[in-house]
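Open the model in your viewer and keep the sequence beside it.

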Amino acid sequence: MSAGVAAGLQVWKLPPAIPFLRQDLSLTLVQAGTLLGIIQLAGMLGGLAISLLAELIGERRCLSGGLVLLFLGSAGGGFAWSAGSLLASRAVEGAGFILVVVTGPGLIRRSTPPGRLTTAMGFWGAYQGISTFAGLITGALVLQVVPWRAWWWAMAVLALAPLPWVLARVPRDALAYVPRDDLAYVPRDDLPYVPRDVPGRGPHDIPGRVPRDIPAGVPGVVPATHVHRDVPVGVPGDVTAARVHRDNAGGARGAAAALARIGRTVRAPAPWAAGLVFACYTLPWMAVVGFLPTIYRDGGMAGSWPGVLSAVVGAANAIGSITTAALMKRGLPARALLVPAFALMATTSLPAFAVDWHTLPAGTTWQFLCVVAFSLTGGAIPATLLRMIGELTPAGGSAPATMGLIQQLFNTGSFVGPALAAWLATRTGGWHSTWWMTCACAAVGIALSLRLRSRATAPVVATATVAAPAPVGDGTTTLTADGTTDSGAPQA
């Protein structure tokens, strides 16, 4: 998560610096919008390529390489002499950004104890809101006393800060150590994970599919796959971790197998639907929050206040994401979170931009509250979709490829949003037309969300046999993806 925040800071270091960049490098408003979105270009074009790289060399190596690229891009950007050179440095940062954000969720799934994945994904979904808050509020204060080039170099140092921690704490790609928590828990990219309540325990992530040639273990244990024979697995509490080989890497065979998994994922409709839903969220959110300091300055606000208020808006997004994780742990379905979130984003953005608040008493305060509500409710969308990655992955597919495809569409929205908002403002003579974009995206997002639930659950139809601690009938219960049994025996 610290790596995700470090990557997000490279995105959000720009908005408070836009006025200084426009003055120093003679940027137009549309060029500034392109700068804001260019970091998403690598993700827009290469999300699936990154997923293949993650399959071949490992997610930890990809994440570490991404942090190095973020450092190089930000350090080089500090020496930019024109809009073109700054755009080039932002493209390098974009490559590092996509390496981090595509592999982060997979590493979290690998290292999170069962029963805590929803919470962990909720916090990961908040990385953008946290980095928005930190980047905007720090930038607003720092840029009052130092030039923007020093700000870029400071962000380069921060990009490398999580790397020693990642190398020390994240399990290596070649041999992963997986916490047991009294359950043989071996995350595998080709096994979708579905949240389940195992009798006598809290919620766990139980594989939706278990190879048929591997027998069920002792009561209460899901059989592990691809485990070293010299490491005992099966008895709850007998070992603290299972050593798992990466059998999907190495040589032409590994590349062919990885490509096959990615191909199955790309052909499935659910990841595409989820990615488009994500794009419908990130396009308006990135445009509104990215240009918020500029909007406030255009409205006459001076000093550090535009950056500070924009930072609060970003923090609200993080709060919404973390709160959503708590709601999902209570069993609230995805559609019950996504549809209201989009509806509230449209409802709050309409008065925020359609009303001329400058003519009303305390108008800036009311507009600010509308934008905070817009960001707060929007935070439910990334938290919900990121938690569904395992369920969206088809049988025999690749979880990194699902994340890569979703991230590719996500970044497309992030790239288009700021440029579209800047174009609308230029054509209409102000920011009052922004609500056209936010409401249109929300309407499309609602329509796709209504289809997402059936598409997401449809591929996950295989079963996993779980031996229950308290036997009923023959002592076993076969759970399908929707929580029903495929035998006549009642669940324990």
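Select Ser131 first: its side chain reaches the backbone oxygen of Gln128 at 2.9 Å, a polar contact (a pair of N or O atoms within 3.5 Å; within protein, one must be able to donate a hydrogen and the other to accept it, and residues adjacent in sequence count only if both atoms are side-chain atoms). This is a predicted model, in which local features need pLDDT of at least 70 and side-chain atom pairs count only at pLDDT 80 or more, while totals for chains, interfaces and linings use all residues. Residues are numbered from 1 along each chain as its sequence is written, and side-chain values use heavy atoms, leaving out hydrogens and water.

Now widen the selection to residues 127–142, which form helix H8, where Ser131 lies; helices here are DSSP runs of H or I with at least four residues, strands runs of E with at least two, numbered from the N terminus.

Is Ser131 buried or exposed? Ser131 counts as buried because its relative accessibility is 0%; buried means under 20% relative accessible area, exposed over 50%, partly exposed in between (1.4 Å probe, protein chains only).

Move on to Val92 in helix H6, residues 83–111. Val92 has 33% relative accessibility, so it counts as partly exposed.

Of its 492 residues, 55% are buried.
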